[in-house]
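Open the structure in your viewer and keep the selection tool at hand. Each stop below tells you what to select and what is there.

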Amino acid sequence: MKHGIHFFDRSIFTTAIQDFTAVIKEDPMNAQARLYRGRAYAKQQQYRSAVEDLSAALHLDPFCWLAFYCRGCILRHVDPKRALQDFSVSVLINDTRENFSSFLHRGVIYAEQCQWSFAICDFESVLALDRSVTFAYLSIGLIMLLHLDQYYKAIQLFTDAIEVDPLDVQAYICRAQAYHKIHNLQDAVRDINRAIHLYPNKSQLYILRGKYLMEMKKYELSSLCIHQVSEMDEESFKSQPVQRALIQSFCQNHNKAIECMCEVIANQPEPSMYVFLGKIQMKAKKTKEAMESFKRATKLLIASGRTLPNTFETAEMYYLIGLCYMEQVHLFQACDAFSTAIRLHSSYPDAFYQRGLCRMKLGQAKCIQDFNRTLALCPSHFQAYMSRAVYYGSKGRYSKAILNCNEALKINPNSVRAYFYRGLLKYQNKTYKVAIEDLSKTIDLNKSCILAYYNRAVSYHQIKDFRKALKDYGILLLLEPSKEIVFKVLINRGLLYVELGDYSNACEDFKAAALHSPFDSQIFQAIGICYHRINEFEEAVRSFNQVLKLDPLSVDAYVERGNSYMENGQEPDRKQAQKDFLKALHLNPKCVKARICLGYNLQALGKFQKAWNQFTIAVDIDPTCHAAYDGRASVCLRMGETFAAFQDTNAALKLTTTAALLTNRGIINQFMGHLSCAMRDYQNAISALDYYSKALQLEPRNESAVMNRAITNTILKNIKEAEEDFEKAVSLCPFSAAVYFNRAILYYGLKQYELAEKDISTALSIQPNDALMYKFRSDIRAKLGFRKEALDDYKQAISIQEQINSM
């Protein structure tokens with residue numbers, strides 16, 4: 001017996017078994033020999049013989065706690081119920097530190113049977129007997145962590161285990177997971193780092209650390225962890241090619257990932273492996289290869305049975321095939337694939353959603369049914385709400401589209417896309433102020449969202465908040481967006497400057513836009529108009545020349561170029577202007593603007609009857625054109641047909657009421673001797689003074705508003721203001737005879753005859769065939785005592801009038 005125990009203690013079990021067998025032959029009732037031989041059989045994995053000997057030992061010695069313990073260990077996996085009985089009897093016989101392992105094993109069985117309270121009691125009994133058993137701490141901690149949701153108690157137990165054994169890597173991993181449960185990611189990462197320090201070659205630890213860092217939004221560090229895993233040579237990692245493929249795919253090493261999966265499929269050609277391969281190929285933008293992989297997966301399923309199983313896994317294969325078709329813009333095939341996925345799994349929200357997208361791109365109204373079904377299955381489907389908003393927006397149903405954006409924002413309150421699109425919808429709905437609020441929120445969330453700045457600038461422009469619009473346009477140009485956006489910004493800002501009357505800056509923006517689009521005649525048209533407004537008439541003519549080079553049939557270009565020639569005030573320029581107006585009318589005989597401009601041109605050349613004819617034709621073409629009546633009235637007044645002028649001015653005033661027309665009618669009434677009517681017209685014109693001032697605040701270089709305000713101030717006897725307005729009008733229109741004529745009237749009323757004579761002479765040099773102005777200069781010179789010159793002017797006025805009457 002001693003000889004056998006000696007070999008047993010030295011783990012020479014074969015010799016020990018021979019010795020114990022010899023003892024049992026001599027003494028079949030020797031319980032100790034049975035116990036030792038049973039333990040030796042167990043060590044050599046001869047479990048049946050071991051159980052027989054241990055049972056015999058217990059029959060001979062029913063109080064042998066060690067025999068109960070050893071038999072319980074053998075039966076733990078094959079017969080847990082009998083094992084529990086054996087461990088229970090063992091601890092009943094001996095509940096001292098010597099037998100703490102029985103408590104430990106019984107606790108493990110209880111845990112496997114989900115009897116958590118019994119398991120915890122046994123592990124606590126172990127700790128009561130021996131506080132150094134870290135396994136007991138870990139076991140209770142895992143029960144608390146995984147099954148009872150008592151995370152703080154679990155953390156304390158894992159901490160106790162670490163205090164007992166600071167090198168226990170499992171304790172650090174478990175505590176990290178407990179910290180993760182209470183969202184203490186910093187301490188979780190710290191424990192994983194300690195575990196990696198103890199076992200630097202365990203790939204799973206790096207993956208876990210990468211996961212926690214990603215949740216902390218430390219994406220660069222997380223990515224570094226995954227890259228570290230991909231470069232590891234750990235044998236266990238090499239033996240898991242699927243996991244290796246997943247890691248390589250995350251690291252964007254798609255070719256290596258595909259190689260790993262091909263290696264797996266060569267040994268394990270299962271549908272799930274082909275699906276995994278296809279997903280990696282999709283990430284690698286190898287759509288055709290991915291589709292082939294998914295189709296092979298479906299063929300394997302069909303080969304294993306006559307029909308496709310109605311499972312989510314099968315439906316997913318067709319869903320992925322549909323995504324591949326969408327990537328290739330084969331929308332009908334994609335639609336069919338998604339329909340198959342839905343048939344196989346009717347509760348598949350993403351399949352409904354993608355089919356809805358296909359149908360929307362195909363212009364099919366029933367796409368909305370798919371979006372509705374998606375939301376019925378998954379009420380938190382953000383993309384479905386946004387797609388439904390796009391659909392309603394495309395149909396002009398902006399209010400309904402906005403409601404869908406509202407629902408999307410409930411799901412994702414910080415969605416840049418949802419705020420931006422809702423802002424666009426509100427702009428389309430003409431609710432500009434609330435559109436600005438959404439676009440501002442978009443910019444708060446994404447400071448570099450170029451389209452948000454652009455659309456907010458346009459919205460500010462619509463509500464006439466020009467300062468903020470200019471600021472946003474400026475920011476856009478600093479952000480260096482695409483050429484298309486730069487072009488639109490320059491055009492829009494140029495138009496805004498035009499509204500402000502800042503034609504110099506508008507001109508610069510249009511010139512910059514012309515560099516982006518050198519063949520756009522409309523831009524050169526705008527440049528020409530701006531040059532005209534800032535009195536750079538030669539540059540204006542050059543711009544209109546460019547327009548006509550690009551578009552020889554542009555009626556507007558001929559008209560505007562003619563107006564620029566007219567502003568120079570010289571006879572040759574007026575002739576050239578006349579040619580342009582005639583060309584415009586040749587291209588479009590019904591162009592009222594060209595008729596009116598030609599009428600004023602003929603009037604300036606002293607051809608009053610022809611001018612009258614042009615204004616009359618303009619009235620016939622458009623009886624609602626007040627400018628045509630006003631022009632004909634001015635000709636009638638020049639021709640001495642006061643009543644006809646009065647009638648035309650009345651017709652113009654029926655169409656629109658302006659201070660200029662009221663003033664003109666007042667002058668006509670005064671000529672006709674109707675002084676009370678003239679005074680009433682002047683008083684009505686006076687009320688327009690504030691409107692001229694407001695107009696000039698918005699458009700400081702509006703020469704018409706300046707001159708009309710000057711005339712109104714003259715009537716009001718606001719002499720200083722009138723002189724300032726006439727001075728500004730002269731600077732804006734140095735070749736306008738009307739400005740000098742009206743300022744001469746002001747000076748005549750002030751009895752400043754020398755200044756009046758100078759202005760009327762300037763007016764006549766610009767417009768030499770005007771009988772009314774010669775008559776007026778005759779009166780002024782008579783006041784100055786220049787009788788001969790006054791008589792000559794009077795004769796000239798009569799001569800011109802006779803020529804007019806003879807036409």
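The tour begins with confidence and then moves along the chain.

This is a predicted model, in which local features need pLDDT of at least 70, side-chain atom pairs count only at pLDDT 80 or more, and totals for chains, interfaces and linings use all residues. Residues are numbered from 1 along each chain as its sequence is written, and side-chain values use heavy atoms, with hydrogens and water left out.

**Confidence.** Colour the model by pLDDT, the predictor's confidence in each residue, from 0 to 100. The protein averages 82, and 86% of the residues score at least 70. Now select residues 233-239, where the pLDDT is below 50. Beyond near neighbours in sequence, this stretch has 11 contacts in the model (contact: heavy atoms within 4.5 Å).

**Serine 102.** Select S102, in helix α7 (residues 100-112); helices are DSSP runs of H or I, at least four residues, numbered from the N terminus. Is S102 buried or exposed? S102 has 0% relative accessibility and so counts as buried (buried is under 20% relative accessible area, exposed over 50%, partly exposed in between, with a 1.4 Å probe and protein chains only). Show the side chains of N99 and S90 as well. The S102 side chain makes polar contacts with the side chain of N99 at 2.7 Å and with that of S90 at 3.2 Å. A polar contact is a pair of N or O atoms within 3.5 Å; within protein, one must be able to donate a hydrogen and the other to accept it, and residues adjacent in sequence count only if both atoms are side-chain atoms.

**Salt bridges.** Side chains of opposite charge can pair when their charged atoms come close. With a salt bridge taken as a side-chain nitrogen of Lys or Arg within 4 Å of a carboxyl oxygen of Asp or Glu, the count is 30.

- Select K488 and E484: their closest N and O atoms are 3.6 Å apart. Both residues lie in helix α30 (residues 483-500), four residues apart, about one turn of the helix.
- Select E560 and K593, which meet at 2.6 Å, N to O. This pair links distant parts of the chain, with E560 in helix α34 (residues 555-568) and K593 in helix α36 (residues 592-604), 33 residues apart. E560 is buried at 12% relative accessibility, while K593 is partly exposed at 40%.
- Select E757, R777, R781 and D793, which are linked in a network of salt bridges.

Key: Helix = DSSP H or I, 4+ residues; strand = E, 2+ residues; numbered from the N terminus.
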